[in-house]
Amino acid sequence: MRDLELFVRGGIYHVYNRGVDKRQIFLDDADRVRFQNGLILFNDHGRRKDYSIKSIANVKPSENPCVEVVAYCLMPNHYHFMIRQLVDGGVSEFMHRVGTGYTKYFNERYERSGGLFEGAFKAKRVETTGYIQHLSRYIHLNPLELDAIWNTGQHTWAEAAAALKAYRWSSFRHYGGLEKSKFLKKDA
């Protein structure tokens, strides 16, 4: 069991995990949408334990959430969140449900069995405004690793911004006013 003393009510955390053997955990957009919907479905303190693929339809935000998701990024083989714990044990409850629900979905969809993630999620407490700003940049710039122009070093910041605006699987588009998220809280 994870050390619950790490997590305090109102605390902000960088939470992340990757696929076992660095394998891809999102094979297509349907997987990413399912994961995002799970962020809504499984953020309900004390309820909703159904992890089936069918349980995800018409999901609505809870009135009793475990956490607030402040920022996120889904990459092909890992994810990053900045989240604030709202109830005692909220981070652990939320992440257990998200991981279990997505693994069950992934294994059913791709007819496989076993673990999908490289063990339990990792978490670091974010205790300063400077760290919050750094973490937000880190999370939102992560998709540039996928951009061919960025990796060659032959880029401009305008090209980087365009690549980030085009990447649909992070909170960058929400903060940039390009779309509204059902599960994000902007005011960390």
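Reply: Start with strands: helices (H or I, at least four residues) and strands (E, at least two) are DSSP runs, numbered from the N terminus. Here His-78 lies in strand 3, residues 78-85. This is a predicted model, where local features need pLDDT of at least 70, side-chain atom pairs count only at pLDDT 80 or more, and totals for chains, interfaces and linings use all residues. Residues are numbered from 1 along each chain as its sequence is written, and side-chain values use heavy atoms, with hydrogens and water left out.

Me: Is His-78 buried or exposed?

Reply: Buried means under 20% relative accessible area, exposed over 50%, partly exposed in between (1.4 Å probe, protein chains only). His-78 has 15%, so this residue is buried.

Me: Which side chain joins that of His-78 in a polar contact?

Reply: A polar contact is a pair of N or O atoms within 3.5 Å; within protein, one must be able to donate a hydrogen and the other to accept it, and residues adjacent in sequence count only if both atoms are side-chain atoms. The partner of His-78 is Asn-142, at 3.1 Å.

Me: How many aromatic pairs are found?

Reply: Rings of Phe, Tyr and Trp (its six-membered ring) pair if their centres lie within 6.5 Å; planes under 30 degrees apart count as stacked, over 60 as edge-to-face and the rest as tilted. The whole structure has 13 such pairs. Phe-7 and Phe-121 are tilted because their planes meet at 35 degrees, with centres 6.3 Å apart. These two residues are 114 residues apart in the chain. Phe-7 is buried at 7% relative accessibility, and Phe-121 is buried at 11%.
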